[in-house]
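Trainee: I would like to go through this model by question and answer. Please show the sequence and structure before we start.

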Amino acid sequence: MDFEFNEEQRMLRESVRRMLNDVATPEYIRETDREGRYPYEVYQGFVDLGLIAMVFPEEYGGLGGNIMDFVAVSEEIGRTSYDYLGGYGLSVFNGLNLLHNGSEEQKQYYIPKLINGEIRMSISMTEPDAGSDAGAMHTNAVLDGDEWVINGQKVFSTGAGARDNVICLYAKTDLNADYKKGISLFLVDNTTPGLNLRKLDTLGRRAIGTYEVFIENMRIPKERLVGEVNKGWKYMLSGLQLERVMTTAGYCGAAQATVDLAVQYAKERKQFGHPIGDFQSIAHMLADMQTQVEAARMLMLKAAWEMSVGRDALKTLSMAKLMASEAYVKAANDGMQIMGGYGYIMEFDMQRHFRESRSTTIAAGTSQMQRNLIARQMGLNPR
Ligand SMILES: Cc1cc2nc3c(=O)[nH]c(=O)nc-3n(C[C@H](O)[C@H](O)[C@H](O)COP(=O)(O)OP(=O)(O)OC[C@H]3O[C@@H](n4cnc5c(N)ncnc54)[C@H](O)[C@@H]3O)c2cc1C
């Protein structure tokens, strides 16, 4: 049993860290967060380093990497900014979904563009009345000659408003069928007439941003349907495992960065003539934070390994997602306590972790939904 990334993956992480240190300086991160500005320079860094190419097969211009490479990179990006990881991860897991389910023409057209940074991708599944219950979506697509006509509304579409973005949009194509048999997946340019975007004012993850999407009589060519009609639910589920392993790796990186920040502060800050880390109450808090992050990371690596050998990773992945997100929330909450008043001011990064972490037990499936999934895998039927 090997708990280490291999030499190549360690070098890859090192090059990601170097690029992020150069481009995503603390001031740059604070500015994009404060102003809600998309970090195009960082995204270009991902492209230039071949991080998008990495996971695609060579025949589409990729580098033939694997899930463990994806996880190593995602963890490293999350360490700098969980928000920025959204930009990278969305392009990769939606692109992989297209690779697995799209037509040959779609793959030849979109994947090289994704790899060279000409386009990026986002996902629009959630609607105002269809959150955890995604199958309850109302957005619908009707075939009219050679075009699909789409109407509806999406919400929380992360990165949807970025430049040159292609939205992977799920819509009902059979209103009478069960949701598992009546949803399809479409590729929609975010500048298509009939589509309007509104950026939401959020507590965290402000740079990549998350959007409301209003769709009124939007027409797209019929070739924009991915795979077969009414197979969207299946495609969505296959893509979700990739999304979850990426987000979970990012939570682990971000949670570790939070613990590191708190440890450094506890060693430097003196009160009553001692570093505050010498007080048992603070040291134990830090020990618990590190233990939880480490345990979550082990689960995440196990889930990634299961995926890499082609096993169904649903149960391990749900446990990993649950534990890593809650470890990040707790690390940021306790980290703020450890930093006292300084944790509460915008000049220090703990407040950013506090805000960003709060989305992690909600997005990509809430903690309650992860517990439901785990319980179902145990033969229970929670309502
Ligand atoms: C920052 C951010 C980014 C996001 N990015 C995207 C994106 O890019 N694309 C996209 O499509 N969506 C995205 N989402 C949406 C996200 O997937 C949903 O917010 C999530 O699925 C929960 O849906 P909801 O917010 O409507 O909450 P609801 O589903 O209304 O849930 C409210 C509460 O009820 C609980 N609950 C609901 N059903 C059950 C149940 N059966 N058992 C127990 N508890 C239950 C939930 O756990 C939660 O605590 C994003 C969300 C956030 C916050």
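Predicted model: local features only at pLDDT ≥ 70, side-chain atom pairs only at ≥ 80, totals over all residues.

Mentor: Residues are numbered from 1 along each chain as its sequence is written.

Trainee: Which element gives the largest share of the side of domain 1 that touches domain 2?

Mentor: The domain assignment (bounds from an automatic or database assignment) gives domain 1 (7-119), domain 2 (122-231) and domain 3 (234-377). The contact, with C-beta atoms placed from the backbone within 7 Å, takes 20 residues from domain 1 and 18 residues from domain 2. On the domain 1 side, the elements that give two or more residues are helix H2 (26-35) and helix H5 (82-101); helices (H or I, at least four residues) and strands (E, at least two) are DSSP runs numbered from the N terminus. The largest share, 9 residues, comes from H5.

Trainee: Between which domains does the ligand lie, and why?

Mentor: The ligand is surrounded by 21 residues, and the closest are Met125, Gly131, Ser132, Thr366 and Gln368; a residue is near if its C-beta atom, placed from the backbone, lies within 6 Å. Strand E1 (120-124), strand E3 (147-158) and helix H11 (367-377) are the elements that give two or more residues to this shell. Because both give residues to the shell, the ligand lies between domain 2 (122-231) and domain 3 (234-377).

Trainee: Is Gly310 buried or exposed?

Mentor: Gly310 follows H8 and has a positive phi, near 80 degrees. Its place is the loop between H8 and helix H9 (314-338). A residue is buried if 20 or more other C-beta atoms, placed from the backbone, lie within 10 Å of its own, exposed if 12 or fewer, and partly exposed in between. Gly310 has 7 C-beta neighbours inside 10 Å, so it counts as exposed.

Trainee: Which residues is Asp146 in contact with, leaving aside its neighbours within four places in sequence?

Mentor: Asp146 is found in the loop between strand E2 (140-144) and E3. With 9 C-beta neighbours inside 10 Å, Asp146 counts as exposed. Its contacts, with those neighbours left aside, are Pro221 and Lys222.

Trainee: Is Ala364 buried or exposed?

Mentor: Most residues other than glycine have a negative phi. Phi of Ala364 is positive, near 60 degrees, and Ala364 is placed in the loop between helix H10 (350-357) and H11. With 21 other C-beta atoms within 10 Å, Ala364 is buried.

Trainee: How many other C-beta atoms lie within 10 Å of Asp164?

Mentor: Asp164 also has a positive phi, near 55 degrees. Asp164 is in the loop between E3 and strand E4 (165-172). Asp164 is partly exposed, and the number of other C-beta atoms within 10 Å is 13.

Notes. Contact = placed C-beta atoms within 7 Å.
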